[in-house]
Amino acid sequence: MPDARLTDDSAIWIIVPAYNEAARIDQTLAPLCRAFSNVVVIDDGSTDATAEIAARSPVWVLRHLINSGQGAALQTGIDFALRQGAGIIVTFDADGQHDAGDVLRLVEPIRRREADIALGSRFLGKTIDMPWTRRVMLKGAVWFTRFFSQIAVTDTHNGFRALSRKAAETIRITQNRMAHASEILDQIRENQLQFCEVPVTIRYNVATLEKGQSNSAAMKIAAQFLLGRLVR
């Protein structure tokens, strides 16, 4: 008999970490809520009206009292979804860069039991209006990951990913801020989880680029990741 936690769309839980996204959160949530019944927004200590605006949509809204970082917000959302019985968990950025239309394609390898975790890849898929400087930075991150984490992926810092329940229960994010993306790849390798990459679309605009990772921030993330590996 098919496992309903894999085949039923209601078993898919979408985790949306958000920090000061009041200007965009409703546009991000609208297509997700049309397609999926379980969407969780983790307001990570925003100082604007992110939580209040998100609460107008049919979603769960969890709140961090202080800004703890995207990694911490993701772990809060994953823990909540697991307690609710989630079969598949999808992480989805709040800034509107991701396409809700890609979700079902992303989870398909998990439904077919071909992978424990499916990683979205903009370099296998499509990017819209990505500056060349961002492309160079992300390509550098790929080589950094291949060297330090010994895992061959084409897109290291893509927040669009799908985890089976087994993967979500196995992976434990301790890097509270942006270095969590590299930490997840480390844990995939260490725990011998089966993974694959799925082509996805990423859209850039002025607002998301201003909030996104700068080159200096990327260096800081790399340093945080290496420090985290030393002290764990």
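1. Let me start at a tryptophan: W13 is buried, with a relative accessible area of 5%. Buried here stands for under 20% relative accessible area, exposed for over 50%, and partly exposed for what lies in between, with a 1.4 Å probe and protein chains only. W60, at 33% relative accessibility, counts as partly exposed.

2. A word on the basis of these remarks. This is a predicted model, in which local features need pLDDT of at least 70 and side-chain atom pairs count only at pLDDT 80 or more, while totals for chains, interfaces and linings use all residues. Residues are numbered from 1 along each chain as its sequence is written, and side-chain values use heavy atoms, with hydrogens and water left out.

3. Now for the rings. The structure holds four aromatic pairs (rings of Phe, Tyr and Trp, the last by its six-membered ring, with centres within 6.5 Å; planes under 30 degrees apart are stacked, over 60 edge-to-face, the rest tilted). W13 and W60 have ring centres 4.9 Å apart and planes at 35°, so this pair is tilted. The two tryptophans bring together distant parts of the chain, 47 residues apart: W13 belongs to strand β1 (residues 12-18) and W60 to strand β3 (residues 60-64).

4. W13 also pairs with F80, this time edge-to-face, at 6.2 Å centre to centre and 70° between the planes. Here the link spans 67 residues, from strand β1 to helix α4 (residues 70-83), where F80 sits. Both W13 and F80 are buried, and W13, W60 and F80 form one aromatic cluster.

5. For the overall layout, the chain has ten helices and seven strands; these are DSSP runs numbered from the N terminus, with helices being H or I of at least four residues and strands E of at least two. Of its 232 residues, 53% are buried. Taking contacts (heavy atoms within 4.5 Å) between residues at least 6 apart in sequence, 74% join residues at least 24 apart.

6. The largest nonpolar core has 34 residues, and I14, V16, L29, V39, V90 and V103 touch the most other members. Such a core is a set of buried Ala, Val, Leu, Ile, Met, Phe, Trp, Tyr and Cys residues joined through side-chain atoms within 4.5 Å. Elements giving two or more residues to this core include β1, α2 (25-35), β2 (39-44) and β7 (195-203). V39 is worth a click: leaving aside neighbours within four places in sequence, V39 is in contact with I14, V16, L29, L32, C33, V59 and W60. A second, separate core of 26 residues includes A86, A167, I184 and L193.

7. Next, please look at strand β6 (residues 161-164). R161 and L163 point one way and A162 and S164 the other, and all are buried. In a regular strand, side chains alternate between the two faces of the sheet. Strands pair if DSSP finds at least two bridges between them. β4 and β6 run antiparallel and are joined by four bridges, with S164 of β6 as the bridge partner of I88. β5 and β6 are also antiparallel, with three bridges; I117 has L163 of β6 as its bridge partner.

8. Finally, two local details. D129 lies in the loop between β5 and α6 (132-148) and is exposed, with a relative accessible area of 60%. D129 and Y204 are 75 residues apart in sequence, yet 5.4 Å apart in space, C-alpha to C-alpha. K139 lies over the face of F123, 4.3 Å from the ring centre; that label requires NZ of Lys or CZ of Arg within 6 Å of the ring centre and within 35 degrees of the ring normal.
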